[in-house]
Structures are given as structure tokens and as C-alpha cells.
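This report describes a protein chain through its charged pairs, its helices and its surface. The sequence and the structure are shown first, and the description follows.

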Amino acid sequence: MSWGIELWDQFDNLEKHTQWGIDILEKYIKFVKERTEIELSYAKQLRNLAKKYQPKKNSKEEEEYRYTACKAFLSTLNEMNDYAGQHEVISENMTSHITVELARYVQELKQERKSYFHDGRKAQQHIEICWKQLESSKRRFERDCKEADRAQQYFEKMDADINVTKADVEKARQQAQVRHQMAEDSRADYSSILQKFNHEQHEYYHTHIPNIFQKIQEMEERRILRIGESMKTYAEVDRQVIPIIGKCLDEIVKAAESIDQKNDSQLVIEAYKSGFEPPGDIEFEDYTQPMKRTVSDNSLSNSRGEGKPELKFGGKSKGKLWPFIKKNKGAAPEDFSNLPPEQRRKRLQQKVDDLNKEIQKEMDQRDAITKMKDVYLKNPQMGDPASLDHKLTEVSQNIEKLRLEAQKFEAWLAEVEGRLPARSDQARRQSGMYEAQNPTTVNNCAQDRESSPDGSYTEEQSQESEVKVLATDFDDEFDDEEPLPAIGTCKALYTFEGQNEGTISVVEGETLYVIEEDKGDGWTRIRRNEEEGYVPTSYVEVYLDKNAKDS
């Protein structure tokens, strides 16, 4: 099967076919190039998608990634980055192994094809020239033969005419001989050119053209083979990244399987646990025995009672047990005292850990400067040791500041950790169980925190907490009701300035009457002469009468 033999007369069609083959190759190159662009675009979109959903640094969103479900999602985002990277690898490999190589091959193919068809046209031109020479010699031979024949006839005519002179006859005879000689020469020339043309034609159709067409056939077959190899490479490039893409998907599955719903539930507890115990039961108020009742109709807990006007403090919902407590809206205090005990302990512990890390960092820097100073002392040419003194002093001062800061937060942490287990509503109600503590600790206890039903948390400090109550007629209720009987006495452990409506000021060491004990809200109602009001339970030591306890 040879194009040179089978297609010896199809030069123009072969030229068109080989050009079509190059066009197909260029079309395939364009296809692969567009595929690489799609892969790059897809990889870019995947990276942008993963970046879009990455948690923002130093934001609340970053804290949410403590949960295993969020960690799994973060792992998925990271794996998507690697997944996108594999599509970039596909694009790079297809570009380098297919498009670049084929583009170079196409240029070489065009040059080779051009060379072969140039040789073919050259052979065609040569055989056409030979054919023209043959035709020219043939026409000349034919013309000379006709001229010789006419000259012979003219001679014969002149020789037969008796009226023609002998000289004219001789002249006609010589002319006929010349024409005959020219015809013989043309014949010989025609015969020679014909023989030469036949040889050239044989070489053309049996040697030159078959050789050229054979080379063109081989070139075309190499092109077909090359495009097939490129298609294999196309598939292999994809196949090479399949294991890595599979690994990315396996990691996503592994991350999904690592989700622990119980652990996430525990993290919710750790994040929002206040450390307080729920309020105790509300005592029954017997209105059928007004003379024996032990709690006032104006008790704060009456805001929950039926048949009594509801007290609305600051527009809050009824049944609120914390009427004098307001959620701080300003900047958070340094000791995190605006948080519930458990949350405060966690934040203080985190602060202490951060400070210790900073201290260690500064100490490492101090050690490095000290070592550098020693090097300068041993090798003065490397630097001036005195130039490091200022920096060393600065680092030492920073260490001292950080240590003092850490000690401050450690003291607050010790205070919280030492008080958390013992504090509860029941403990505050059992005044007889109240243990006297040293002034510092007691003062801190006096700053005990209370939690509101909606989860907010505030200070009870007389100087720091901001108590705001919507206008309610406490004084009117006190005036309308008969004075409540005293159920015991109390001694003020600290001075309390009752600057807010419904509270009463007391002086440390002062003894007063208790007319309503703490109902779980952290406040005790007392009386001084005709003046009544509330004070923080932690500011007083209560002594209930035995009869009041029994009732």
C-alpha cells in the first residue's frame, strides 16, 4: 500500500488532504488549550470559594471553629484548596506536554510538507518542460517534412516543364534536397527528444513521484500517530492526579467522620455556663393570715404573684428576680467581672496563659540579646556591647510589667476559683452558715455576680454597678401597707450607699432589722427606724429569729 503507486496521479488531492491533517492537529491543540483555560478558571473559582468561607482572623467567627463540625468544614475548605491545585497541575501538564509540544511539531510538519510538495512541483515542472520540448521538436519535424514534400513536388513540376530553363530546374532540385535534409535533421532531433522524454516520464512516474508521495505518506502517518499519542497523554495527565484528588476526598470524609456531636454539646456548656445554681422555690404567701405572714406584699417576688399589680423594672418581663441589676453596656472591666463566674474564670485563665506566653517570648529575646552581648564582649570588632544595654533594659522592663500584669490576673483567677464551689443561692439564704472571711476576700465576695433570666450578667458593686429602675411606686406601696414585723436582725459587714430607688444605705458595723429575707435574688429587705429598703445580702450578716424560722 503505497501512495506513490496507488495515487500517482493525485498530487493536488494529496496536497489538500495533508493540509486538512494539519488543520485537524491545530484544532486539537486549540481544544486542549481551551481545556487548560477551563481548568485554571475552575481552580481559581475553587480557591476563591474556599477563601470566601475561611473564618476571618481575630473575629467571633474564628472562635466558632472550636466545634468539631466547624473544624470539619475548615478541613473541607483546606482540601478544596488542594483539590484546586490538582486542576492547576492538569492545566500545567497539558500545556507543557501537549499544546507546547504539538505547536512545535506543527511548525516542523508544515516545513516538511512544504519541502515535499516543493520537490513534487519541481518534478512536475521538469516533466512539463520535457513535454513542451517534445511537442516543439515534433511540430518542427512535421513542418520540415511538409516543406520537403512541397519542394520535391515543385522540383518535379519544374523538371517536367519543357519551357523552364535548365538552371531553374537545377535550382529547384537543390532546394528540394535542402528541404529533405532539414526534414531528416528534424526527424533525428524529434526522435532524440522523444526518447529523452520517455525516459524522464518513466523516472517521474516510477521514481520521483513515488519517492515524494512515500515521504508525504510517512509524514502523514507520523502526524496521525502523534495526535494519538497526545490523546493518550491527555488522559494520563488526568489519571495522574486522580490518586491525589481521591486523597483530598478521603480527607474530607475523614474530617466528616471526626465530627463529635457530644463534644460540641460540651463546648456549648463550657462557652455559656454561668456557674450559678437555679433559683430556689418561691415560698407560699398566705393572705388568709395577714398578721402572721413573713414576707411583704411588696416583696420583689410578688411580681410573680397573681392578683397583685406587676412591677415592671426597665420594661423587662414579669417575674424578674433581679430588679436592681442592670446589664452593663459600657466597656468590659479589666477583670471580666461583667461575666458569670465560670465564664470569668475561663477568660482569666486564657489571659494568664497569654501573658505567660508573652513573658516567655520576652525572656527568649532577653537571652538572645545577652548571648549577642557576650559575643560582642569576646569579639569587639563584631559590635559594641554597650549598644545592647538599652534594648536589654527595655526588654527587662517589659518582662517586669508583664509579670505584674500576670500576677494581677492570677490573683483574680485565684479569687474566682476559690469562691466558685461555695457560692449558691441556698448558701446566701442560710445566713447562719455564712463564714466570715478576711477583708479582701469578703470585699470581693461582696462584689458577687447575679445572673438574670435572659442570661445577662452584671455586677452588684455599689460603686461599679449601674442600677436603673423604671419609675415604680415603691414608696407608695410602703406607705399604703402596714409596717411589716421584723423577722430578725442583721449586722452590716460593709458600707453600702443606696443611691438607687428601693435601696437603703448602711454603714459598716450598723445593726438593723430584717423584715424580708433573701428570696434568691441576692437582696435582703431591712428597716432602720421608719426607713425601709433593700441591701445586697452579701453586705450583711443576718440573724433570723427562731420563731420566724419555724413559721
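## Salt bridges across the chain

In this predicted model, the count of salt bridges comes to 24. One of them joins the side chains of K110 and E26, with N and O 2.8 Å apart. K110 belongs to helix α4 (residues 68-160) and E26 to helix α2, so this pair ties together parts that are 84 residues apart in sequence. Both partners are partly exposed: K110 has a relative accessibility of 33%, and E26 has one of 30%.

Helix α4 takes part in another such link, since R222 of helix α5 (residues 166-257) and E112 of helix α4 form a pair that ties together parts 110 residues apart in sequence. The closest N and O atoms of the R222–E112 salt bridge are 2.3 Å apart. R222 counts as partly exposed, at 37% relative accessibility.

Which residues of helix α4 are separated by about one helical turn? They are R139 and E135, which are four residues apart in that helix. Their side chains meet in a salt bridge with an N to O distance of 3.9 Å, which lies within the 4 Å limit that defines such a pair. R139 is partly exposed at 48% relative accessibility, and E135 is also partly exposed, with a relative accessible area of 22%.

Elsewhere, salt bridges link E516, R525, R527 and E532 in a network.

## Overall architecture

The secondary structure of the chain consists of twelve helices and seven strands. The chain has 551 residues, and 38% of them are buried. Among contacts between residues at least 6 apart in sequence, 73% join residues that are at least 24 apart. The chain exposes about 34100 Å², of which carbon and sulfur atoms supply 51%.

Leaving aside neighbours within four places in sequence, E39 is in contact with H87, I90 and S91.

Helix α5 contains Q181, which is partly exposed with a relative accessible area of 47%. Q181 and D144 are 37 residues apart along the chain, and their C-alpha atoms are separated by 9.0 Å. Helix α7 (residues 341-378) has 38 residues, and at 1.5 Å a residue it should span 56 Å. The end C-alpha atoms of helix α7 are 55 Å apart, which agrees with that expectation. The buried residues of α7 include P341, E342, Q343 and R344. Also buried in α7 are L348, V352, L355, I359, E362, I369 and Y376.

## Nonpolar surface patch

Which residues make the nonpolar surface patch of about 280 Å²? The patch is made by L49, Y53 and F73. L49 is located in helix α2 (residues 11-52). With a relative accessible area of 44%, L49 is partly exposed, and this value exceeds the 30% that membership of a patch requires.

## Cysteines

How many disulfides does a search of the whole structure find? The search finds zero. In general terms, a disulfide is a covalent bond between the sulfur atoms of two cysteines. Among the cysteines of the chain, C248 is buried with a relative accessible area of 4%, and C490 is buried with a relative accessible area of 1%.

## A positive phi in a loop

N529 has a phi near 55 degrees, a positive value in a residue other than glycine. Most residues other than glycine have a negative phi. N529 lies in the loop between β5 (523-528) and β6 (531-536). With a relative accessible area of 66%, N529 is exposed, as the value is over the 50% cut-off.

Notes: Residues are numbered from 1 along each chain as its sequence is written. This is a predicted model: local features need pLDDT of at least 70, side-chain atom pairs count only at pLDDT 80 or more; totals for chains, interfaces and linings use all residues. Side-chain values use heavy atoms; hydrogens and water are left out. Patches are made of residues with over 30% relative accessible area and no salt bridge: like charges are joined within 9 Å, nonpolar side chains (Val, Leu, Ile, Met, Phe, Trp, Tyr) within 5 Å. Accessible areas come from the Shrake-Rupley method with a 1.4 Å probe; for residues, only the protein chains shown count as cover. Helices (H or I, at least four residues) and strands (E, at least two) are DSSP runs, numbered from the N terminus. Buried means under 20% relative accessible area, exposed over 50%, partly exposed in between (1.4 Å probe, protein chains only). The expected span of a helix is 1.5 Å times one less than its number of residues. Contact means heavy atoms within 4.5 Å. A disulfide is a pair of cysteine sulfur atoms within 2.5 Å.
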